[in-house]
Structures are given as C-alpha cells and as structure tokens.
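Dear colleague,

I am passing on the structure we talked about, together with some notes on its charged side chains. Please look through it with the notes beside you.

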Amino acid sequence: MRNKYSIFSLIKNALSYHENWQRAWKDPTPKKEYDAVVIGGGGHGLATAYYLAKKHNMNNIAVVEKGWIGGGNTGRNTTIIRSNYLWDASAGLYDHALKIWEGLSQELNYNVMFSQRGVMNLAHNLQDVRDLKRRTHANRLNGIDAVYLSTEEVKKFCPIINTSQDIRYPVLGGTLQRRAGTARHDAVAWGYARGADAMGVDIIQNCEVKGIKRNGDSVEGIETTKGFIKTKKVGVVAAGHSSVIANMAGLRLPLESKPLQALVSEPVKPIIDTVVMSNAVHAYVSQSDKGELVIGAGTDDYVSYTQKGSHQIVEGTLNAILELYPIFSRMRMLRQWGGIVDICPDASPILSKTTIKGLYFNCGWGTGGFKATPGSGDLFAHTIANDEPHKINAAFNLNRFVSGDLVDEHGAAAVAH
Amino acid sequence: MFLINCPYCGERDQQEFKAGGEAHIERPKQPTELSDDEWAEYLFMRKNIKGVQFERWNHAHGCRKWFNMVRDTSNDEIKAIYKMGEKPPSQ
C-alpha cells in the first residue's frame, strides 16, 4: 500500500531525519508478457500508463524507458502551460489538458507546483496585432479565457518590459491567458510514475527497445535490452525518437527531429511573476521558483539527434531578450541544453492508431508538448484501451496527412515553431 | 554548429547554409496518376534517420547553390558532400 503524502507524513519523517521515506516507485524486472506496453518514460508515457490503469482498468502493463524517467524532453522544456491555440481541434486538445492540470496535484497526491501565473504573448508588428486579436476571439468562442492588451496594459502587467516605441521590434500589444502558467516538470513525471506504480504498473528503466515484433499486420511484442516482452498493444511515446521506433516497425512518419534549446540564468530575487512569450523575435522567459530565469530558444533547421543545438540560436534569443528586458543585461547564464523535438509538417501532434494492429503513436508534439502532458496521457490511454480515438483527439490522426485535413498551427498558434 | 565544405565556395560556417531536408525524393513523374496515399508519402513522410542520412543543403548566404550531403545525425559528422545530379556515394 502506498503511503499518502501529507503534513503528518512530513512531520513523521522529519523526526527520523527523512531516512525512512518509502520508495516512490519500484524497480521491477520485466515480466514475460503484458496486456500493453508504453515505450517512453517521459511525462506523456507515464501519464498514459497512469490513465490506462486508472480509467481503463489495465493494470498488467509496463512502461519501458531507455534512460531514466523524465530524463528526456520532460526534464528539458521550459514548463509553460497554456491552451490559447487558434483552431477548434487544438483548443479542445490543449484546454482538456489545462483542465486536468488544475486538479492534478490533488489527484496525484504529489505537488506538481502548478502555478497559474498567466502567459502573455507579445505583438511586434501590425500582422501580429491582427493575428493575436483574431486568436483572442477564436479562444473566447471556444470557452478559453483570453484578453487583448494594449502596450500600456502590457507594461502594467509586466513592468520590466521595454515598451519604448524606438526599439527594433517595439511592443504593439499582447494577449493574456490568466489560467495559463507553469509547473515543475520533474514533479509531473515523478507524480505520474508514483501514481501508476501504486496501481500495479511496472516502470522499467534502463531498458531500450531494439525491435518491434510483428505477425503480419499485428504487434506481437518488443525486443529490448532486457529481453523479449510479449504484448498485443504497444503505445509509442518516444518524442524525438519516434521515427527510430517507427522504422523498427517498418512505418514512416511525417516527422523531422531537431534540437531545441533552452537556458537558465543564475538565480536572482523575484523579478518576473508571469510568463512572457514573443513570437516575432522568438524570446520567451519566466522565472523558476529557484529564481533562475528560464529562457526558451529556437530549433535548428536541420535534423539532428545530438541534444546540443547551435550557438547562434541562443545568441539570437538573448539579443531579443536584452532588447525587451534591458534590466537583464548583466545577468549571467548558468546552463544551456538541448532536447530533440519531433516536428510535424502542420506543427500539431499525432495521437493515433496505425496501419499495424496494436501499434499506437503519440508523437509530433514538436516544441510544445509539456503543456499537454495530462491530456495527452488521458486521450492516448483512451485510444489504446478502446482501439479508437477519443473525440477530442480524433482530428490528430495519422491519416490526416493522406486526407489533407491538417490542423495547421504553424504560425497560427501563439508561438512560432 | 559545424563547418560545411561547400563544393563551390569551400569551408564555411553552418549558419551560412539552409538545410533542405531529405535528399533523393523523386518528384512524381505522373502527378495526376498518384493516389492520396502516394501523395502523402511524397509530401510528408520522412525517414528522419538517427545515423547516416542523405540530405539537401543550400548555401543561402553564399553562392546560393544547392548540393547534397551525407551526415551522421547522431553526432553531426559530415561523411561526404556531392553536387546535385551526382551519384550518391555508397556507404
């Protein structure tokens, strides 16, 4: 039985110098056979396993992870959560996730530090102004909170922004989603892992998938570095490495994997209490609870799995940050890293069945998957358990690249991809 | 970030170049005969290999010519560069 985290358990464990906390999840050896296996132990994969067990009573399942849980893009993103997408399908998908975020810490009995500090998107030219106003209206029609702000209102909401009209890309206005914000990325993976483990899910780390075994058009199991695991259902949630797994199954996906960079500064006292994103100059910034500025940069334009990224990408982002926030001019950057993001031609994700029975893909989240973690897990679990998509993720099928019914969020979403 | 040996200009910084994606995807000879599946395959589906991949690059801020590259995407090591129309080197 899993011990509940509470003020009482904290006091009790404090008395024994925090040396007797129960393991948050087990370290099992894989069984010979499972009802379903999820490939990828990031937030999306662990959430998928959690909801498979919780909502679909599939308890004889496993998550296999080649490294350690949350060591991929879950631990590499800038933790921004929002749902202000233009198209109806995207708005439905991301707001489904946002609604789950609002009660997630309570549901998981794990503090994911979800903070609805608001996300502000800036407009720097007349087309931005038109696009952001249009998106504000579209959001409201879909029941998503959004307001358009004038330059003065932007300045009032975040006083450290340079709103001088003499800079290269002056701030002409912005939008604000107050329900949006951030969460602690590691905690999301750990909370879902602990929750899934408590319901009997095996979380198997350091277990790399080497092959997908097929019998004709059906999945029979997976070859891993810890041996063969028999299963009829495989959910692939491998982010930047989705194409690698797809190639093992003889499938091709409409994805390109590219390095996306982020960086954090040295910690300072609270200076920015919201998230500010600027599409046109590609600069976004928030401040972590530790006091570091968390800065998101862009992707390189070539395929690479190196988790590094080019220097000029970071330089471009920092140039923009310094123009918008002159107060940061003497800040020193502490760390920089890259994650491999899988980008679809329409910059929308794929949560879908495939032509192979029992093989499902949850991929293509590109540069913005963290915000969707709970919703993605919930909907992908539904898709795997019922062998049919939920109506919210029906539009995000693989067949849209054949039918042409794309969910074109490229440039239409709140940030450029 | 790496150096690229442009077949026309010599060695230059990668940021002078634009990546053009997977190479040797042949434009359909009879577009009107193609099924939707074949169009999807041509337009959208990519190998996206982790390892040695054949790619097109353009020297956008230089001679503006296109050429092909064989590159290992797991470490960004360039294996070979050859001009458009030339036969790809065997691995």
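With which residue does Arg332(A) form a salt bridge? The partner is Glu266(A), and the closest N and O atoms of the two side chains are 3.3 Å apart. This pair links distant parts of the chain, since Arg332(A) lies in the loop between α9 (311-324) and β18 (333-343), while Glu266(A) lies in the loop between β14 (256-265) and β15 (275-278), 66 residues apart. Arg332(A) counts as exposed at 58% relative accessibility, whereas Glu266(A), with a relative accessible area of 19%, is buried, because the limit for that class is under 20%. Please keep in mind that the model is predicted.

A salt bridge also brings together the side chains of Lys353(A) and Asp387(A), at 3.8 Å from N to O. Here too distant parts of the chain are linked, with Lys353(A) in strand β19 (residues 350-353) and Asp387(A) in the loop between α10 (373-386) and α11 (400-403), 34 residues apart. Lys353(A) is partly exposed at 29% relative accessibility, and Asp387(A) is partly exposed as well, at 23%.

Salt bridges that share partners also join Asp95(A), Lys99(A), Glu102(A), Asp145(A) and Arg179(A) into one network.

Finally, Glu220(A) and Lys213(A) form a salt bridge in which the closest N and O atoms are 3.5 Å apart; Glu220(A) is partly exposed, with a relative accessible area of 29%, and Lys213(A) is partly exposed at 39%. Over all chains, a search of the whole structure finds 27 salt bridges.

Terms used:
Residues numbered from 1 in each chain as written. Chains lettered and ligands numbered in written order. Predicted model: local features only at pLDDT ≥ 70, side-chain atom pairs only at ≥ 80, totals over all residues. Heavy atoms only, no water. Salt bridge = Lys/Arg side-chain N within 4 Å of Asp/Glu carboxyl O. Buried < 20%, exposed > 50% of the residue type's maximum accessible area, 1.4 Å probe, protein only. Helix = DSSP H or I, 4+ residues; strand = E, 2+ residues; numbered from the N terminus.
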